[in-house]
Amino acid sequence: MTDVAQAAPEKVHEEKEADHHPYFRPKDAATLILVDRSGSVPKVLVGKRHDKVVFMPGKFVFPGGRVDKDDYRVPCAAPITPELQANLFKGSPKTEASRAKSLAIAAIREACEETGLCLGRQHEGKAPKLAGPWKPFADAGLLPDPSGLFLIARAITPPGRVKRFDTRFFTADASAITHRVEGVVHADAELVELVWVELGPQPLADLHPMTRNVLNELDRRLATGPLRHDAPVPFFHFYGGKMQKDILS
């Protein structure tokens with residue numbers, strides 16, 4: 001991993017609507033923004049995507065991906081907080097409780113799969129058997145722990161893209177990382193590099209526009225003090241061919 005003293009500019013960065021692909025219904029997805037507040041300036045973790053992947057090749061993004069159908073069945077060390085659940089219920093169409101859990105768990109799973117950084121807690125007694133993408137947790141005697149997640153933003157990929165996602169952006173403190181899997185990030189992986197980026201006025205090259213928008217929102221939230229669940233949650237989406245920023249309610 002690398003430390004870089006750069007981050008997102010203040011203005012909202014717009015993506016352009018495209019028309020070279022047919023309409024695809026957005027798939028639910030989740031992203032995890034890990035924040036290191038051990039220094040004087042907060043840093044967030046971004047990863048550079050491989051140049052040959054279909055979705056956002058070569059761009060710096062937060063680790064994340066699609067919700068899996070079994071995410072809601074995964075046993076957890078603690079439930080998501082009622083306040084986080086309430087934020088996930090906002091917007092349309094209505095999100096069911098099982099889907100809210102799936103979104104939070106997907107963020108933790110994707111972060112571990114793509115970066116090797118796992119957010120979990122030791123399980124007392126006999127731990128449930130975890131396999132597949134959850135094997136690193138089982139090997140470390142952990143269960144995923146979503147209790148420290150906060151919802152920062154929601155965004156839907158513009159129409160006309162080869163892939164479209166309805167993404168919830170979560171954040172968690174880097175102190176919640178309890179296990180590290182070595183060798184996950186390399187030249188042939190989905191993420192080829194990890195970078196800790198300082199929040200500040202200068203942009204990081206190859207940062208995706210939506211990544212910049214969400215970094216701006218996080219910067220504003222952190223500037224007011226500890227993260228809170230009752231802060232407004234922005235919703236970025238296209239309407240009438242233009243990027244819109246609403247507040248979830």
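Modeller: Strands are DSSP runs of E with at least two residues, and helices are DSSP runs of H or I with at least four, both numbered from the N terminus. The model discussed here is predicted.

Colleague: In which strand is D246 found?
Modeller: The chain has four helices and 13 strands. The run that contains D246 covers residues 242-247, and its name is β13.

Colleague: What is the relative accessible area of D246?
Modeller: A residue is buried under 20% and exposed over 50%, with partly exposed in between. D246 belongs to the partly exposed class because its relative accessible area is 34%.

Colleague: How far apart in space are D246 and P234, C-alpha to C-alpha?
Modeller: With neighbours within four places in sequence left aside, D246 is in contact with V233, P234, F235 and H237. In sequence, D246 and P234 are twelve residues apart. In space, their C-alpha to C-alpha distance is 5.6 Å.

Colleague: The charged end of which residue sits over the ring of F235?
Modeller: F235 is among the residues in contact with D246. A charge counts as sitting over a ring if NZ of Lys or CZ of Arg is within 6 Å of the ring centre and within 35 degrees of the ring normal. At 4.8 Å from the centre of the F235 ring, the charged end is that of R154.

Colleague: Where is T167, a residue that touches R154, among other residues?
Modeller: Residues up to four places away in sequence not counted, T167 touches A29, A30, T31, A153, R154 and A155. T167 is buried, as its relative accessible area is 11%. Its place is in strand β9.

Colleague: What kind of aromatic pair do F62 and F169 form?
Modeller: The structure holds two aromatic pairs, and F62 with F169 is one of them. The ring centres are 6.4 Å apart and the planes are at 80 degrees. Planes over 60 degrees apart are classed as edge-to-face, so the F62 and F169 pair is edge-to-face.

Colleague: How many residues apart are F62 and F169?
Modeller: F62 lies in the loop between β4 (60-61) and β5 (64-66), whereas F169 lies in strand β9 (residues 165-173). Both F62 and F169 are buried. The pair links distant parts of the chain, with a separation in residues of 107.

Colleague: Into which class does the pair of W134 and F137 fall?
Modeller: The ring centres of W134 and F137 are 5.1 Å apart, and the planes are at 55 degrees. Stacked requires under 30 degrees and edge-to-face over 60.

Colleague: In which strand is C118 found?
Modeller: Neighbours within four places in sequence aside, C118 is in contact with C112, P136, F137, A176, I177, T178, H179 and V181. C118 counts as buried at 0% relative accessibility. C118 and P144 are 26 residues apart in sequence and 7.8 Å apart in space, C-alpha to C-alpha. The run that holds C118 spans residues 117-122, which is strand β6.

Colleague: How is α1 oriented relative to α2?
Modeller: Helix α1 (residues 82-89) and helix α2 (residues 97-115) pack with their axes 10 Å apart, at an angle of about 105 degrees. Angles from 65 to 115 degrees fall in one class, which makes the two helices roughly perpendicular.

Colleague: How many residues of the contact of α1 with α2 are nonpolar?
Modeller: The contact is made by Q85, L88 and F89 of α1 and by A97, A100 and L103 of α2. One of these residues is polar and none is charged, while the number of nonpolar residues is five.

Colleague: Which residue lies over the face of F89?
Modeller: F89 is one of the residues that α1 brings to its contact with α2. At 4.8 Å from the ring centre of F89 lies K94.

Colleague: What is the peptide bond from S92 to P93, cis or trans?
Modeller: P93 is found in the loop between α1 and α2. For the bond from S92 to P93, omega is near 0 degrees, and the bond is cis.

Notes
Residues numbered from 1 in each chain as written. Predicted model: local features only at pLDDT ≥ 70, side-chain atom pairs only at ≥ 80, totals over all residues. Heavy atoms only, no water. Phe/Tyr/Trp six-rings, centres within 6.5 Å; stacked < 30°, edge-to-face > 60°. Buried < 20%, exposed > 50% of the residue type's maximum accessible area, 1.4 Å probe, protein only. Contact = heavy atoms within 4.5 Å. Axes fitted to C-alpha atoms, helices over the stretch in contact; angles between N-to-C directions. Parallel < 35°, antiparallel > 145°, perpendicular 65-115°, else oblique. Nonpolar A, V, L, I, M, F, W, Y, C, P; charged D, E, K, R; others polar.
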